[in-house]
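Here is a short briefing on a metal site and its surroundings. Please keep the structure open while reading.

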Amino acid sequence: MAAAAKSSSAKSKSAKPRKATRRTGTRDPLAIRLLKQDHREVEKMFDEYEQLESDSEKQALFDKIALALKVHTRIEEEILYPESRGEVEDDLIDEAYVEHDGAKKLIAEIEAMKPGQEFYDAKVKVLGEYIKHHVKEEEQPGGFFAQAKKGDEDLEAMGERLKARKEELMTQMAGKAAH
Ligand SMILES: [Fe+2]
Ligand SMILES: [Fe+2]
């Protein structure tokens, strides 16, 4: 990771707490690590989708993408977003909710279709770009996660709760999806 070079200037770290610790990404608390991991996984799936030819493979992979996104947005909305009020700018939190809603609508549209239908691939592609944008807003310097990390929330403990809730939802929603 390119962040390693930046963090080598750790001189000022031990002496006095400097105001703006640069976001290195190397010491993220558990909550942030887990959510970033989800982001990487779903980005990978969108990339994989582009390589697929057969409708059945596309359907299977999209089902996985949809499940991952539903669970991820749920845990953020149940835990991270409400608990970040007061730590993260309100505008940023509000926009994040709105972006989730936009993604959910697009997911529902795609779920109502079959691969091979007109605009199916285009919708998946646009969803991927939309998610990429949203993930950037969360991860970029000064963004949602960066602001949350500067706050007082215990993001290690929150990570444990995110993890437990994710497992619960995965089982619940994966069961529902298998019709
Ligand atoms: Fe999000
Ligand atoms: Fe996220």
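How are the donor residues of the iron ion (ligand 2) spaced in sequence? They follow the pattern H-x32-H-x3-E-x61-E. The model is predicted. Two iron ions, ligand 1 and ligand 2, sit 3.2 Å apart, and glutamate 76 coordinates both.

**Iron ion (ligand 2)**

- The iron ion (ligand 2) is coordinated by His39 (NE2), His72 (NE2), Glu76 (OE) and Glu138 (OE). The distances run from 2.1 to 2.2 Å.
- The 4 donor atoms subtend angles of 83 to 172° at the iron ion (ligand 2), so the arrangement is irregular. Four donors count as tetrahedral only if all angles lie between 85 and 135 degrees.
- Histidine 39 and histidine 72 link distant parts of the chain, 33 residues apart. Histidine 39 belongs to helix α3 (residues 30-51), and histidine 72 to helix α4 (residues 55-83).
- Histidine 39 counts as buried because its relative accessibility is 2%.
- Histidine 72 also counts as buried, at 7% relative accessibility.

**Iron ion (ligand 1)**

- The iron ion (ligand 1) is coordinated by Glu76 (OE), Tyr81 (OH), His100 (NE2), His134 (NE2) and Glu138 (OE). These donors lie at 2.0 to 2.3 Å.
- Along the chain, the donors of the iron ion (ligand 1) are spaced E-x4-Y-x18-H-x33-H-x3-E.
- Tyrosine 81 lies in helix α4 and glutamate 138 in helix α6 (residues 120-139), so the pair ties together parts that are 57 residues apart in sequence.
- Tyrosine 81 and glutamate 138 are both buried.

**Aromatic contacts**

- The structure holds 4 aromatic pairs.
- One of them joins tyrosine 81 and tyrosine 97. Its geometry is edge-to-face, with 5.2 Å centre to centre and 80° between the planes.
- This pair links distant parts of the chain: tyrosine 81 in helix α4 and tyrosine 97 in helix α5 (residues 90-111), 16 residues apart.
- Is tyrosine 81 buried or exposed? Tyrosine 81 is buried, because its relative accessible area is 0%.
- Tyrosine 97 is partly exposed, with a relative accessible area of 26%.
- Tyr81, Tyr97, Phe144 and Phe145 form one aromatic cluster.

**Where the topics meet**

Definitions and conventions: Residues are numbered from 1 along each chain as its sequence is written. Chains are lettered from A and ligands numbered from 1 in the order in which they are written. This is a predicted model: local features need pLDDT of at least 70, side-chain atom pairs count only at pLDDT 80 or more; totals for chains, interfaces and linings use all residues. Side-chain values use heavy atoms; hydrogens and water are left out. Donors are N, O and S atoms within 2.8 Å of the metal (3.2 Å for Na, K and Ca); water is not among the atoms, so sites may look incomplete. Four donors count as tetrahedral if all angles lie between 85 and 135 degrees; four count as square planar and six as octahedral if opposite donors are over 155 degrees apart and all others between 65 and 115; anything else is irregular. Helices (H or I, at least four residues) and strands (E, at least two) are DSSP runs, numbered from the N terminus. Buried means under 20% relative accessible area, exposed over 50%, partly exposed in between (1.4 Å probe, protein chains only). Rings of Phe, Tyr and Trp (its six-membered ring) pair if their centres lie within 6.5 Å; planes under 30 degrees apart count as stacked, over 60 as edge-to-face and the rest as tilted.
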